[in-house]
Amino acid sequence: MRVPNSVVLPVGTHVDCCQKEEVEEKRHDIMAKITAMLAERKSNLAHFINNLEGSEEPKFYVDQWERLKEMESCTLTILNLVAVNCMDHCDIKKLEACILEHVKNEELFPEVIRVLPPVYRQVEAAIVDIAQSEEMADHGMMDLQYLLSKLSQREHLVSLGRELLQDILRYLHRIGLIVWYEEIKHLENTVFLQPTFLITMFKLLVRHRLVQQLESIS
């Protein structure tokens with residue numbers, strides 16, 4: 001909801017735990033809840049914006065107002081939910097085919113038709129090589145400047161500058177190869193070359209009924 005022009009494909013798992021007639025019913029219910037959630041978000045943002053604009057000293061809240069307006073402008077495309085049985089290889093292949101079909105949709109992803117300079121592919125290949133090297137820690141975190149120095153050691157990337165590298169990292173972040181939170185001050189100089197590490201960490205920290213689990217500890 002905070003990323004401009006996001007495209008989200010909801011995936012319903014554990015189809016094998018449902019009766020056949022339940023799947024369509026649950027699919028409809030989930031999509032209805034997502035629609036309601038988006039409508040509530042839009043309403044809440046409009047409410048907060050109106051409150052700031054109507055305050056006695058609106059100039060004190062310019063930063064908040066700009067951030068809310070930025071969030072309000074973020075569009076979110078929700079695709080039809082795909083229901084899968086994760087125990088069935090055919091269903092996994094069906095999900096893969098569905099994702100690829102959507103990714104090739106130029107209306108959803110204009111970047112698909114973008115012609116990239118050769119250096120983008122060279123940096124991408126070099127980053128994959130670094131991420132898979134034995135010297136790379138499991139967490140896959142690397143300082144931006146250090147990453148630049150590592151890449152610059154390669155013969156065909158000697159002239160690679162920081163500004164160009166940042167452009168390439170933005171692209172690699174968008175396609176999901178790496179994660180780079182350049183908009184977060186404390187993380188702007190850190191590149192995550194192993195996004196799967198973040199997923200594992202988030203799974204440990206963000207889980208169903210986490211608050212209840214913590215409260216149950218004496």
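Author: A salt bridge is a side-chain nitrogen of Lys or Arg within 4 Å of a carboxyl oxygen of Asp or Glu. The model discussed here is predicted, and a search of the whole structure finds 9 salt bridges.

Reader: Why is the contact of K69 with E72 called a salt bridge?

Author: The closest N and O atoms of K69 and E72 are 3.2 Å apart. The limit is 4 Å, so the pair qualifies as a salt bridge. K69 and E72 both belong to helix α2 (residues 62-73), and because they are 3 residues apart, about one helical turn separates them.

Reader: What makes K69 and E72 partly exposed?

Author: K69 has a relative accessible area of 33%, and E72 has one of 35%. Partly exposed covers the range between under 20% for buried and over 50% for exposed, so both residues fall in that class.

Reader: How do you know that E135 and K150 form a salt bridge?

Author: Their side chains meet at 3.1 Å, N to O. This pair links distant parts of the chain, 15 residues apart: E135 lies in the loop between α4 (118-132) and β5 (141-143), and K150 in helix α5 (residues 144-152). The value of 3.1 Å is within 4 Å, and therefore the contact counts as a salt bridge.

Reader: Why is E135 called exposed, and why is K150 called buried?

Author: E135 has a relative accessibility of 58%, and exposed means over 50%, so E135 is exposed. K150 has a relative accessible area of 15%, and buried means under 20%, so K150 is buried.

Reader: What makes R170 and E182 a salt bridge, and where in the chain do they lie?

Author: The side chains of R170 and E182 meet at 2.7 Å, N to O. R170 is in helix α6 (residues 162-174), whereas E182 is in the loop between α6 and β6 (190-192); the two are 12 residues apart and link distant parts of the chain. Since 2.7 Å is within 4 Å, the pair is a salt bridge. R170 and E182 also belong, with D167, to a network of salt bridges.

Reader: Why is V206 called exposed, and which surface patch includes V206?

Author: V206 has a relative accessible area of 62%; exposed means over 50%, so V206 is exposed. V206 lies in the loop between α7 (195-205) and α8 (210-215). Together with M201, F202, L204 and L205, V206 makes a nonpolar surface patch of about 490 Å².

Terms used: Residues are numbered from 1 along each chain as its sequence is written. This is a predicted model: local features need pLDDT of at least 70, side-chain atom pairs count only at pLDDT 80 or more; totals for chains, interfaces and linings use all residues. Side-chain values use heavy atoms; hydrogens and water are left out. Patches are made of residues with over 30% relative accessible area and no salt bridge: like charges are joined within 9 Å, nonpolar side chains (Val, Leu, Ile, Met, Phe, Trp, Tyr) within 5 Å. Accessible areas come from the Shrake-Rupley method with a 1.4 Å probe; for residues, only the protein chains shown count as cover. Helices (H or I, at least four residues) and strands (E, at least two) are DSSP runs, numbered from the N terminus. Buried means under 20% relative accessible area, exposed over 50%, partly exposed in between (1.4 Å probe, protein chains only).
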